[in-house]
Amino acid sequence: MTELTVAAAGPHGGSHWPLRRIIALSVLAMAVFSIVAATLSGLAVANLATARDQVVNRVDPAVQQALRLDAALLDQETGVRGYALAGVADFLTPYTDGLATQQDAVGKLHPLLTGIPSGAADLAVVTARADAWRGSYAQPTIDKVRATNAPVATSATDLGKASFDSLRSSVATLQRDLGQARQRATTSLNQAAGWLNVVSIGVGAVLLLIVIALGLGLRGAAIRPTSRLTAEVRQVAGGDFDHIVATSGPRELRELGDHVNAMRERILRELSSVRAAHAVLDARTQDLQRSNAELEQFAYVASHDLQEPLRKVASFCQLLQRRYGGRLDERADQYIGFAVDGAKRMQILINDLLAFSRVGRTAGDSSPVAVNTLVDQAKTNLADTIEWTKATIEVGDLPLVRAEVPLLTAVFQNLIGNALKFRGDSPPHISVSAKREGDFWL
């Protein structure tokens with residue numbers, strides 16, 4: 001086995017990037033941009049989510065719990081003051097409810113203020129002052145009223161109010177610090193939202209520019225050269241094999257253009273060979289036409305020149321048959337008959353030879369003829385050969401066809417003659433039959 005490896009590389013094969021590399025770099029550029037865009041977008045979204053979580057889940061709930069704490073302390077102060085002035089146990093209910101609310105609010109504020117150091121310090125001050133207020137005023141007042149079962153003096157309540165105002169100022173400080181923290185968190189949230197908008201717009205703009213750049217790049221690197229190559233190849237395919245295909249663009253298109261040029265040159269070489277062969281064939285055809293014309297002229301002249309001596313032979317043979325018929329022995333009469341019949345058949349063969357030389361150049365007269373008659377004539381022309389080879393010829397029921405009598409007779413004479421010529425040692429057996437096949441006879 002012989003292996004043939006052909007490396008197709010045009011003259012510009014190594015000077016330009018292949019199309020697969022252009023597409024690979026385009027895809028790589030899009031992938032890198034997608035990763036960068038996804039990273040920036042993810043960071044912007046994460047920053048926005050962190051700022052939003054700071055505002056929604058920490059600062060705002062802390063502000064609400066600070067307001068609850070302030071309200072709970074007010075309820076405690078109101079309950080203690082009313083209980084101290086009236087000595088009615090029901091007036092102490094706001095104090096107990098406020099104390100429970102304070103404890104709940106402080107419990108919820110501790111985790112919320114983890115990221116707000118100033119708020120955690122303020123809460124510690126508020127808790128300490130609240131405990132001091134209850135220890136120095138609220139609880140002693142409650143115990144005193146319960147012990148005496150009588151209201152306390154107004155001056156004692158005034159002393160408690162001063163201590164409570166100090167507590168309220170620490171709550172106000174907590175609320176102020178929480179408000180500032182909320183303002184900072186809101187500003188951070190707005191900045192994060194703005195940064196996300198900038199990233200989104202930037203990603204969209206850069207993506208649009210990349211798509212436009214890739215579109216223009218692919219158009220210039222692949223689509224336009226492909227269109228030009230298609231037009232060049234179409235011109236060659238239209239029959240202009242002398243047109244040289246200009247190659248441009250990626251390496252694959254240049255190699256394709258080089259292959260088309262190679263194919264075009266090979267076609268030109270083969271076309272030149274075909275034209276040369278056609279020229280030789282035309283010359284031989286002209287020689288053959290001239291030879292056929294000369295042969296036709298020769299056949300006409302030969303048949304015409306042979307007619308006269310053949311007519312004399314036939315005439316004298318007929319005279320011999322008329323004058324000496326029956327006067328000689330039977331063998332002589334038979335010989336004279338053979339001579340007359342041979343002369344007649346020779347005339348027929350000469351006329352058929354002239355008709356055969358004109359086949360394809362002149363239209364013969366075709367007429368309905370019984371094929372059995374033509375086969376009998378062919379057998380008569382081959383009588384000597386049939387007798388010498390001891391051949392047996394069976395002729396079936398043959399049809400009536402339209403044909404030129406000399407030509408179809410020559411066909412059967414050639415067929416039977418070939419059968420007699422190409423035979424074995426035993427006498428040949430020849431069968432002639434016909435069968436219908438559509439509009440034709442076989």
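Figure 1. Asp-104 is partly exposed, at 32% relative accessible area, where buried means under 20%, exposed over 50% and partly exposed in between (1.4 Å probe, protein chains only). The model is predicted: local features need pLDDT of at least 70, side-chain atom pairs count only at pLDDT 80 or more, and totals for chains, interfaces and linings use all residues. Residues are numbered from 1 along each chain as its sequence is written, and side-chain values use heavy atoms, with hydrogens and water left out. Asp-104 forms a salt bridge with Arg-68, with 2.8 Å between the closest N and O atoms; the term stands for a side-chain nitrogen of Lys or Arg within 4 Å of a carboxyl oxygen of Asp or Glu. The pair joins distant parts of the chain, since Arg-68 lies in helix α1 and Asp-104 in helix α2, 36 residues apart. Helices (H or I, at least four residues) and strands (E, at least two) are DSSP runs, numbered from the N terminus. Arg-68 is also partly exposed, with a relative accessibility of 29%.

**Figure 2. Packing of helices α1 and α2.** Helix α1 covers residues 19-86 and helix α2 residues 93-112; their axes come within 8 Å and cross at roughly 160 degrees. Axes are lines fitted to C-alpha atoms, for helices over the stretch in contact, and angles run from 0 to 180 degrees between N-to-C directions. The angle therefore makes α1 roughly antiparallel to α2; angles under 35 degrees count as roughly parallel, over 145 as roughly antiparallel, 65 to 115 as roughly perpendicular and the rest as oblique. The α1 and α2 crossing is left-handed, a label used if the near helix is turned anticlockwise from the far one by less than a right angle, with right-handed used if clockwise. The contact of α1 with α2 has 15 nonpolar, seven polar and five charged residues. In this classification Ala, Val, Leu, Ile, Met, Phe, Trp, Tyr, Cys and Pro count as nonpolar, Asp, Glu, Lys and Arg as charged, and the others, Gly among them, as polar.

Figure 3. Helix α3 is formed by residues 117-148, and the axes of α1 and α3 come within 10 Å, crossing at roughly 20 degrees. Helix α1 is thus roughly parallel to α3. The crossing of these two helices, α1 and α3, is left-handed. For α2 and α3, the axes come within 12 Å and the crossing angle is roughly 165 degrees. This makes α2 roughly antiparallel to α3. The crossing of α2 and α3 is left-handed as well.

Figure 4. Arg-81 and Glu-77 are separated by about one helical turn, because they lie four residues apart in helix α1. Arg-81 is partly exposed at 21% relative accessibility, whereas Glu-77 is buried at 12% relative accessible area. Another salt bridge links the side chains of Asp-287 and Arg-290, at 2.4 Å from N to O. These two residues, Asp-287 and Arg-290, are three residues apart in helix α5 (residues 251-324), so about one helical turn separates them. Asp-287 is partly exposed at 39% relative accessible area, and Arg-290 is partly exposed at 44% relative accessibility. Elsewhere, salt bridges with shared partners join Arg-68, Asp-104 and Lys-108 into one network.

**Figure 5. Strand β3 and its pairing with β1.** Strand β1 (residues 367-370) pairs with β3 in the antiparallel sense over four bridges, pairing being assigned if DSSP finds at least two bridges between two strands. Ser-367 has Ala-403 as its bridge partner in β3.

**Figure 6. The backbone at Lys-390.** Lys-390 is not a glycine, yet its phi is positive, at about 55 degrees. Most residues other than glycine have a negative phi. Lys-390 sits in the loop between α8 (383-389) and β2 (392-395). Lys-390 is exposed, with 61% relative accessible area.

**Figure 7. Arg-20 and Pro-250.** Arg-20 is located in helix α1 and is exposed, at 58% relative accessible area. The C-alpha atoms of Arg-20 and Pro-250 are 8.9 Å apart in space, with the residues 230 apart in sequence.
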